[in-house]
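Please work through the following exercises with the sequence and the model at hand. Each task is followed by a solution in steps.

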Amino acid sequence: MSNVFSAVKISDHVYWVGAIDWTIRDFHGYTTPHGSTYNAYLVMANKITLIDTVKAAFRGEMLARIKSIIDPKQIKYIISNHSEMDHSGCLLEMIDIIKPEKVFASAVGVRTLRELFHDQHEIIPVKDGESLSLGNMELAFMETRMIHWPDSMFTYLAKDQLLFSQDAFGMHLASLERFDDEIPAATLEYEAATYYANIVLPYSPIVLKALEKVMATGWKIKILAPDHGPVWRKNMGMIIELYQKWAQQKPTAKVVVVYATMWHSTEKMALAIAESLAQEGIKVKLMSMNEVHRSEIVYELLNAGALIVGSSTLNNNILPQMADVMTYLKGLKPANLIGAAFGSYGWSGESVRDLEQMLKDMKVKIAAPAVSVKHVPDNSTLEKCHDLGKVIAAELKKA
Ligand code: FEO
């Protein structure tokens, strides 16, 4: 057996010809403990069309899957829905192997691919709303700028009522199961939420507009084919409703308390705040940056109403673990949160002031006075932490 890889039929005229990355564990700062897939699709029209490619190192796997059904040279068109290198890394090599008649991308995609590869292969720009005839069926294009790159677009195949949605509705999950109904719903929701929180979150207002734009097309969609994770053929309503919910970022009665500690003083304060919140009936996630990865923090914040952050002062600064997560969160722009800061110090005590300013810079509304203590918290300081929790709980209950 020379070819261990096979294409998987996902609709009447479309095959999945992507690659499975079982070992990837980091996606520029987002931890991916369950690996990923890079999905590429073959539309078996008169003009056979490849939708997206895969990360450079996986070109052989994709080619093998294509060869399991056709000679790659039969491919006439290539569409690049998204030029990030996990989907375009082997595009140029594929163009050289296939020698397609035409390659298409959005106008921004054409520029981006040029800037990424500094290559002179002709790539034809397609406009938002434009259609492309494949002979016996048609593709339609919709720009989805900033979901999650400026070049991003969706491609719709009316013949199979199938939407190729590039990164949207995807997840980092390595799996031989190709369809959503072959994977437990709880796994789908967790992995899609983690992906949304770590990749899509900053573009939530654009997601809401894009969902409206798709609805306005009147496209009938039976299958949703993203560039990562399973193809949605059964629980499509679930993922669309989840995207609507996550994109709205409505605050809930849940608090994420994130802290880093040197000699357990800041930790004692965190525990007092968490206990107080729980006594007020608020759901709490207590997360120590000494142990927890930043990706888990943003996942928990996706359905929270408050972010409370604490750090010891180290050399006039917050602890580096807190700097890590605060930088990450600032970029991901979680919205509609209230918050507060706390921490301990030995002599200079900048950490609490700096954390509070970072929250403000993230547009988190400061809803309780910060609590800071020199060295080890006594009962009076722990009482202040308790009060901080009560104030935050009261604010959340008002919302
Ligand atoms: Fe999966 Fe934005 O690349």
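This is a predicted model: local features need pLDDT of at least 70, side-chain atom pairs count only at pLDDT 80 or more; totals for chains, interfaces and linings use all residues.

**Exercise 1. The chain as a whole**

Task: State how many helices and strands the chain has, and describe its extent, burial and contacts.

Solution. 
Step 1. The secondary structure of the chain consists of 12 helices and 24 strands.
Step 2. The C-alpha trace spans about 75 × 40 × 40 Å along its principal axes.
Step 3. The chain has 399 residues, and 56% of them count as buried.
Step 4. Among contacts with a separation of 6 or more, 73% are between residues 24 or more positions apart.

**Exercise 2. Helices α9 and α10**

Task: Determine how α9 and α10 are oriented to each other, and which residues make their contact.

Solution. 
Step 1. Helix α9 covers residues 294–301 and helix α10 covers residues 320–332; their axes come within 10 Å and cross at roughly 45°.
Step 2. The two helices are therefore oblique to each other.
Step 3. The crossing of α9 and α10 is right-handed.
Step 4. On the α9 side, the contact is made by Arg294, Ser295, Ile297, Val298 and Leu301, and on the α10 side by Asp324, Val325, Tyr328, Leu329 and Leu332.
Step 5. Sorted by class, the contact of α9 with α10 has 7 nonpolar, 1 polar and 2 charged residues.

**Exercise 3. Helices α5 and α9**

Task: Classify the angle between α5 and α9, and describe their contact.

Solution. 
Step 1. Helix α5 (residues 185–200) packs with α9 at an angle of about 100°, and their axes are 8 Å apart.
Step 2. Angles of 65 to 115 degrees count as roughly perpendicular, so α5 is roughly perpendicular to α9.
Step 3. From α5, the residues Tyr190, Ala193, Thr194, Ala197 and Asn198 meet Ser295, Val298 and Tyr299 of α9.
Step 4. This contact of α5 with α9 has 5 nonpolar, 3 polar and no charged residues.

**Exercise 4. Helices α6 and α7**

Task: Describe the packing of α6 and α7, including the handedness of the crossing.

Solution. 
Step 1. Helix α6 spans residues 204–217 and helix α7 spans residues 236–248; they pack at an angle of about 145°, with their axes 8 Å apart.
Step 2. The crossing of α6 and α7 is left-handed.
Step 3. Helix α6 contributes Ser204, Val207, Leu208, Leu211 and Met215 to the contact, while α7 contributes Ile240, Tyr243, Gln244, Trp246, Ala247 and Gln248.
Step 4. The contact of α6 with α7 comprises 8 nonpolar and 3 polar residues, with no charged ones.

**Exercise 5. The surroundings of Ser88**

Task: Decide whether Ser88 is buried or exposed, and list what Ser88 is in contact with.

Solution. 
Step 1. Ser88 lies in helix α2, which covers residues 85–88.
Step 2. Ser88 counts as buried, because its relative accessibility is 0% and the cut-off for burial is under 20%.
Step 3. Apart from neighbours within four places in sequence, Ser88 is in contact with Thr53, Val54, Ser83, Leu113, Leu116 and Phe117.
Step 4. Thr53 is 35 residues from Ser88 in sequence, yet their C-alpha atoms are 5.5 Å apart.

**Exercise 6. Cysteines and disulfides**

Solution. 
Step 1. A disulfide is a covalent bond that joins the sulfur atoms of two cysteines.

Note on methods
Residues are numbered from 1 along each chain as its sequence is written. Side-chain values use heavy atoms; hydrogens and water are left out. Axes are lines fitted to C-alpha atoms, for helices over the stretch in contact, and angles run from 0 to 180 degrees between N-to-C directions. Helices (H or I, at least four residues) and strands (E, at least two) are DSSP runs, numbered from the N terminus. Angles under 35 degrees count as roughly parallel, over 145 as roughly antiparallel, 65 to 115 as roughly perpendicular and the rest as oblique. A crossing is left-handed if the near helix is turned anticlockwise from the far one by less than a right angle, and right-handed if clockwise. Contact means heavy atoms within 4.5 Å. Ala, Val, Leu, Ile, Met, Phe, Trp, Tyr, Cys and Pro count as nonpolar, Asp, Glu, Lys and Arg as charged, and the others, Gly among them, as polar. Buried means under 20% relative accessible area, exposed over 50%, partly exposed in between (1.4 Å probe, protein chains only).
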